[in-house]
Amino acid sequence: MLANFVVGMCILTVGLFMKGVAFGLYSGVYEFAFFKPELSVWLWVLGFLSCDFIMYLFHLLGHKSRIFWAAHVTHHSSLYYNVSVGFRVNFIHTFYRFLFWAPLCLFGIPPWMILLNESISTIWNILVHTERIGKLGFLDLIFNTPSNHRVHHGSNPHYLDKNMGGILILFDHIFGTYQPEVEKPIYGITHNIHTKNPAKIILHEYIDIVRNLSKISNFKSKIHFLFGPPGSEKWKIFDQVEKQELDDFKTPFKVERILREN
C-alpha cells in the first residue's frame with residue numbers, strides 16, 4: 001500500500017502540471033474547430049460520450065501495444081485490489097495521454113469540458129477499486145462498476161483484456177470486450193514482478209523493452225516488438241526471414257569459395 005501511495009504521489013505531482021499543458025494544447029486546437037456549438041444539454045451528452053469513447057480506445061491501446069502497456073502495467077501489477085490501487089498509475093503516460101483527447105476540440109468540445117470529464121472519470125476509476133461492493137444487477141450492464149473492474153484486473157485467461165470502459169461499459173458491449181464477473185479474479189499480471197520498490201514498479205517493463213530491443217537487429221522486428229501485443233513473439237518472424245535471406249545471399253559465395261579451395 002505504501003508503494004501505491006508513492007506511485008500515486010508521482011502521478012498527482014506530474015499530472016497537475018500536465019493538466020496545464022493539456023489545457024494549452026486543447027485551447028489552441030479549439031481555435032481551429034470546425035464548429036463551436038452553444039452550451040446545451042446535448043453538448044454535455046456529446047462531450048461525455050466522446051470523452052468516454054476516447055478513454056475506451058486509449059485503455060484498449062494500453063493493453064494491445066507493448067510500448068503503451070509499459071506504462072499501464074504499473075496499474076495492473078498489484079496482487080491486491082483496493083482503493084490504493086486506483087492511485088497506482090504510472091506518471092510517464094501523462095506525457096502523451098492527453099494527446100488522444102485533442103481531436104475532440106476540432107469537433108466543438110470545449111477544452112474545459114474535456115478536462116472536467118477526465119477529472120470525473122479519474123475519480124470514478126479510483127473508487128471502483130474495491131471488493132466491498134458486490135455485483136449491482138443491471139447497473140453492471142451500463143457502468144464500469146467495481147464488479148466489472150475486478151474482472152479487468154483479473155489475470156484469469158478469460159478475464160484478460162476485458163472491460164476497458166471508463167465510466168460506461170457500453171463500448172465494451174459494442175466492441176466485444178465485455179465480460180461479467182463469474183469467478184473470483186486472480187489479481188496481478190501473467191508474470192508477476194513481486195516487488196514493492198516504486199522505481200521498479202514504474203520502470204520494470206521499460207527496462208525489459210530496452211534490454212530486448214538491443215538484441216533485435218531487424219528494423220521491422222523492432223517496430224513489431226514495440227507496437228505489437230505484449231507477450232507476442234510474431235516479431236521473431238521478421239528476424240528469421242532476414243537471416244534466411246542473408247543465408248540465401250551468402251550461399252553462392254560459400255559454394256564458389258569451397259570450389260576454389262578444392
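**Close-up views of a predicted model**

**View A. Asparagine 117 and its contacts.** In this predicted model, asparagine 117 touches Gly47, Phe48 and Cys51, when residues up to four places away in sequence are left aside. Asparagine 117 belongs to helix 5, which covers residues 111–127, and with a relative accessibility of 9% asparagine 117 counts as buried, because buried means under 20%.

**View B. Helix 6 and its surroundings.** Eight of the eight residues of helix 6 (residues 146–153) are buried, so this helix is largely enclosed by the rest of the structure. Among these buried residues are Pro146, Asn148, Arg150 and His153, and the buried residues of helix 6 pack against helix 2 (41–64), helix 3 (66–76) and helix 5.

View C. The model holds 14 aromatic pairs. In one of them, the ring centres of tryptophan 44 and tryptophan 112 are 5.5 Å apart and the planes stand at 70°, so the pair is edge-to-face. Since tryptophan 44 lies in helix 2 and tryptophan 112 in helix 5, the pair ties together parts that are 68 residues apart in sequence. Tyrosine 81 and tyrosine 187 form a stacked pair, with 5.1 Å from centre to centre and 10° between the planes. Tyrosine 81 is buried, with a relative accessible area of 5%, and tyrosine 187 is also buried, with 10%.

**View D. Charged ends over rings.** Lysine 36 lies over the face of tyrosine 30, at 4.7 Å from the ring centre, while the charged end of arginine 66 sits over the ring of phenylalanine 225, at 4.2 Å from its centre.

Key
Residues are numbered from 1 along each chain as its sequence is written. This is a predicted model: local features need pLDDT of at least 70, side-chain atom pairs count only at pLDDT 80 or more; totals for chains, interfaces and linings use all residues. Side-chain values use heavy atoms; hydrogens and water are left out. Helices (H or I, at least four residues) and strands (E, at least two) are DSSP runs, numbered from the N terminus. Buried means under 20% relative accessible area, exposed over 50%, partly exposed in between (1.4 Å probe, protein chains only). Contact means heavy atoms within 4.5 Å. Rings of Phe, Tyr and Trp (its six-membered ring) pair if their centres lie within 6.5 Å; planes under 30 degrees apart count as stacked, over 60 as edge-to-face and the rest as tilted. A charge sits over a ring if NZ of Lys or CZ of Arg is within 6 Å of the ring centre and within 35 degrees of the ring normal.
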